[in-house]
Amino acid sequence: MARRVLVVFVDALGDQQLERFGSTLSALPHRRSLRGVLGYSSGALATVLTGVSPSEHGRMCLFSARPDGAPSLLAPLAWLGLLPRIVHERGRLRRALAKALAYAAGLTGYVALHRVPPEAFPWLDLPEREDLFTASEIGGAPTFLARAREAGRTVYASPWQLPEEERLAHAHAALVARPPDLAFLYCAGLDGVLHAEGNDGQRARSVRARIAGHVERARDQLRRGGAEVTTLLVGDHGMADVRRVIDPRPLTANTSARAFVDSTMLRLWGSAEALAQSRLRLERARVPGRWLDSAALAARAAPTAGSPYGDAIFLLDEGCLFAPSWVGGRARGMHGYDLHCGSAAAAIASDAPLPEGLDSLAGLAPLITRSLGIA
């Protein structure tokens, strides 16, 4: 009997979000919370795929600091500073430039410029340059997709570049044409809706219903011919409702530390004195959050070698948001908080019993390879 594995990855599927699926996922009764990683989907998805922590695969945020002496991929974009801000921050222009940059540089990974100030581009880098679903490894760690291919298993992985409904239609067509040993479906729509509306928004209900329908349809397609199918619905983090918005501009003005303003993080590079001054300013402003020095980052298994994501990070309390940030404006839902927060945890649901000891995102890749019979 054929043995197949269906993995449906849902961006922003945490415990609270999984619970709201209700009876629509009754075929997946085995559920568990999974410890997440510090940072955003860049790091969490890499951990899901490889089974190792961000300190090993090196991913955490969309942008990192460019290593000294390394060629600057983004420096040519500094010319945007010649345009009025109201022009160079337009989403349509930024998306077109990101597409052109990816094409010119031969990048197949996710490229987005968001609202990064033009003067910052020369010192920034893009860690994700390859398509994670086709890459053989991430930071030296092989993905479970690559391991399955190397073991001679047939693999289908969603083309993440397509819009959500086109991507899922593509998946169903592929599963019908030739059911693979391993199918990896990628769903990003829930994350976008929760950012826009928060956990109680109306659109999330229809998104959840569509995802549940696609899961059941894919299960049926893979069971053709009497195959035995193991289904895993997995997330990378949850989502917290935003209760407080903090303007970061007074916190980064007139400082000698170099800063990147993420949605929930103020990432800082500089001398010990510059970092101390930034920390004092944050404390005096009573910004709700915590200071993470290199030791605190290492304790959270974050990348620290060469300080690619900051010599220190000020991390906001759950439910708080920096806006305007370099990656967006106001949102009603956000993730990217400390590991003890509920929104930092991911969730898993399966039609098969989950093994004892599965308690973190790092355990997913080994579980999937074992389900495929790969040692």
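**Group meeting: two sheets, a helix pair and the spaces between**

A hairpin of 3 residues connects E12 to E13. This is a predicted model, in which local features need pLDDT of at least 70 and side-chain atom pairs count only at pLDDT 80 or more, while totals for chains, interfaces and linings use all residues. Residues are numbered from 1 along each chain as its sequence is written, and side-chain values use heavy atoms, with hydrogens and water left out. The labels come from DSSP runs numbered from the N terminus: H or I with at least four residues for helices, E with at least two for strands.

E12 and E13 run antiparallel and are joined by 4 bridges; two strands pair if DSSP finds at least two bridges between them. Phe 260 has Arg 267 in E13 as its bridge partner. On to the next strand: E13 (residues 265-269) pairs with E15 (residues 312-316), antiparallel again, over 4 bridges. Here Met 265 is the bridge partner of Leu 315 in E15.

These strands belong to an open sheet of 4 strands with antiparallel pairing, in the order E12-E13-E15-E14. At its edges are E12 (258-261) and E14 (289-292), each pairing on one side only. On average, neighbouring strands here are turned by 15 degrees against each other, direction ignored. For angles, axes are lines fitted to C-alpha atoms, for helices over the stretch in contact, and the values run from 0 to 180 degrees between N-to-C directions.

Now the other sheet. It is open, has 6 strands with mixed pairing, and its order is E2-E18-E9-E1-E8-E7. E2 (30-34) and E7 (155-157) are the edge strands with a single partner each, so one side of each has no neighbour in the sheet. Neighbouring strands in this sheet are also turned by 15 degrees on average, direction ignored. Within the sheet, E9 (residues 228-235) and E18 (residues 346-350) run antiparallel and are joined by 3 bridges. Leu 233 is opposite Ala 349 in E18.

Which helices lie across these strands? H7 (residues 164-177) lies across E7 and E8 (182-187), at about 165 degrees to E8. H9 lies across E1 (3-10), E8 and E9, at about 165 degrees to E1.

H9 also has a helix partner. Two packed helices are described by the angle between their axes and the distance between the axes. For H8 (residues 189-197) and H9 (residues 203-222), the angle is about 170 degrees and the axes are 9 Å apart. That makes H8 roughly antiparallel to H9; the classes are under 35 degrees for roughly parallel, over 145 for roughly antiparallel, 65 to 115 for roughly perpendicular, and oblique for the rest. Contact means heavy atoms within 4.5 Å. Among the residues making it are Leu 190, Val 193 and Leu 194 of H8 and Val 207, Arg 208 and Ile 211 of H9. By class, this contact has 7 nonpolar, 1 polar and 3 charged residues. Ala, Val, Leu, Ile, Met, Phe, Trp, Tyr, Cys and Pro count as nonpolar, Asp, Glu, Lys and Arg as charged, and the others, Gly among them, as polar.

Next, the spaces. On a 1 Å grid over the protein atoms alone, a cavity is a set of points where a 1.4 Å probe fits but cannot get out; a pocket is an open set with protein on both sides within 12 Å along at least five of seven lines, and lining residues have an atom within 4 Å of a point. Points are joined across faces, edges and corners, and a volume is the space filled by probe spheres set on the points.

How many cavities of 30 Å³ or more does the search of the whole structure find? The count is 1. The largest cavity has a volume of about 60 Å³, and its lining includes Val 37, Asp 236, His 237, His 335 and Tyr 337. That lining divides into 4 nonpolar, 5 polar and 1 charged.

The second largest pocket has a volume of about 370 Å³. Of its 22 lining residues, Ala 65, Arg 66, Pro 67, Gly 306 and Pro 308 are the closest to its centre. H3 (54-57) and E3 (64-65) are the elements giving two or more residues to this lining.

Last, two loop details. A cis peptide bond, with omega about 5 degrees, joins Ala 323 and Pro 324, and Pro 324 sits in the loop between E16 (320-322) and E17 (333-334). Asn 254 is not a glycine, yet has a positive phi of about 55 degrees; its place is the loop between H10 (249-252) and E12.
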